[in-house]
Amino acid sequence: MTTASRLVLARRRRGLTVTRLAQLAGLTARRLSDFENGRAIPSPPSLSAIAEALEFPESFFSAGEVADLPVETVSFRALSKMTASQRDVALSSGRLSRGLQDWIGARFGLPAADLPSLTSFSRLREDGQIPYPGEAGGGDNSAERAAELVRTRWGLGVAPIANMVHLLEAHGVRVFSLSRDCPEVDAFSFWDRGIPFVLLNTEKTAERGRFDAAHELGHLVLHGEEQIPHGPQAEAEAHRFAAALLMPSADVLAYAPRNPSTNWILQAKRRWKVAAMALAHRLHELNLTTEWQYRTHCVELGRLGYRKAEPESRLPRETSQVLGKVFAALRAEGTRPADVARDLHLRPADLNDLIFGLIVTAQDGGRPDQGQHATAPRRPQLSVVR
Ligand SMILES: [Zn+2]
């Protein structure tokens with residue numbers, strides 16, 4: 001039996017139209033549509049041709065249903081500018097990451113989600129403590145307040161955050177790598193059955209990666225599980241949240257001199273592990289620089305190459321503690337990534353795509369603590385520290 005939705009998922013993962021895949025597999029577009037709609041079942045040779053054209057193992061197509069990931073529930077940054085193909089590739093890698101999460105979750109105890117709930121924000125908004133977006137003082141203030149609430153709940157005080165990915169993972173967020181087949185997408189997040197997911201583009205600078213991770217946390221905390229608002233307002237809120245989380249106002253105000261110079265920014269960005277431009281913007285946001293000074297910083301930083309990159313930065317890209325420990329534990333018991341891929345009915349390359357850049361490959365790891373209850377199902381608890 002072929003699961004029709006898996007045909008669609010695999011095709012979208014490769015960014016192909018029905019017409020193009022039909023050409024590659026030597027079928028008519030109508031015939032392929034019939035397979036995808038479940039109106040017809042592909043013969044073994046047709047299925048082989050499709051599997052080969054899509055570079056998916058044939059077993060992928062006969063496995064169980066894969067739940068949809070509706071675009072409304074995903075925090076795409078510039079949805080209107082994305083092509084259908086970019087959107088499909090990103091969404092389908094999100095769907096595949098859920099499968100990997102389920103596989104890992106069935107074998108290892110991972111931290112449960114510990115994010116301030118939307119209801120607590122709604123209550124604060126109803127009490128007038130957090131303005132609604134669009135209200136006087138809304139948007140910016142609510143994002144600042146939300147970042148403070150997250151810091152309080154997680155016991156972070158106002159200290160700089162050492163590692164954003166580890167922080168997310170310690171609080172139950174599952175972090176995966178965004179497919180390298182959609183480099184245009186920065187990052188996105190979604191909730192799935194009570195589990196928050198963040199997919200990161202792992203090929204950007206370390207500073208940008210941290211900001212993206214904080215930005216997506218902003219969406220998860222501020223915006224809905226059912227429907228994430230898309231558009232400039234929601235993006236501005238998530239951005240303000242990220243800046244406030246990474247560069248808390250109390251710390252910046254205590255640390256920054258009056259009229260900070262561009263050179264000061266280049267030194268101080270290391271304290272918060274942020275991009276120079278992000279710090280310049282934050283200084284202005286907190287009224288530590290005038291409009292004119294902010295523009296001067298932007299021009300000078302742009303001239304020095306800080307608009308698109310972080311020249312001379314030695315900040316390493318953040319990796320995943322959860323995935324590192326999981327794959328080290330699997331290796332210790334003789335389970336190779338290829339075995340995991342086979343269980344998920346993926347090619348090893350597609351499994352690798354979900355964790356690329358998040359794992360230090362040559363990592364050495366011991367066996368996880370298996371507990372004392374020999375009769376209990378073996379589901380070692382991963383200790384994740386931030
Ligand atoms: Zn966003």
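Two residues are in contact if their C-beta atoms, placed from the backbone, lie within 7 Å. The views below use that sense of contact. The model is predicted.

**View 1. Helix H2 meets helix H3.** Val18, Thr19, Leu21 and Ala22 lie on the H2 side of this contact. Their partners in H3 are Ala29, Leu32 and Ser33. Five residues of the contact are nonpolar and two are polar. None is charged.

**View 2. The crossing of H2 and H3.** H2 covers residues 18–25, and H3 covers residues 29–36. Their axes come within 8 Å. The crossing angle is roughly 110 degrees. Angles of 65 to 115 degrees count as roughly perpendicular, so H2 and H3 are roughly perpendicular to each other.

**View 3. Helix H5 meets helix H17.** H5 contributes Ser93, Leu96, Ser97 and Leu100. H17 contributes Asp350, Asp353 and Leu354. By class, this contact has three nonpolar, two polar and two charged residues.

**View 4. The crossing of H5 and H17.** H5 spans residues 84–107, and H17 spans residues 348–355. Their axes come within 10 Å and cross at roughly 95 degrees. H5 and H17 are therefore roughly perpendicular to each other.

**View 5. The whole chain, for orientation.** The chain has 386 residues. Of these, 37% count as buried. Its secondary structure includes 17 helices and three strands. Take the contacts with a separation of 6 or more: 73% of them join residues 24 or more positions apart.

Note on methods
Residues are numbered from 1 along each chain as its sequence is written. This is a predicted model: local features need pLDDT of at least 70, side-chain atom pairs count only at pLDDT 80 or more; totals for chains, interfaces and linings use all residues. Axes are lines fitted to C-alpha atoms, for helices over the stretch in contact, and angles run from 0 to 180 degrees between N-to-C directions. Helices (H or I, at least four residues) and strands (E, at least two) are DSSP runs, numbered from the N terminus. Angles under 35 degrees count as roughly parallel, over 145 as roughly antiparallel, 65 to 115 as roughly perpendicular and the rest as oblique. Ala, Val, Leu, Ile, Met, Phe, Trp, Tyr, Cys and Pro count as nonpolar, Asp, Glu, Lys and Arg as charged, and the others, Gly among them, as polar. A residue is buried if 20 or more other C-beta atoms lie within 10 Å of its own, exposed if 12 or fewer, and partly exposed in between; C-beta atoms are placed from the backbone.
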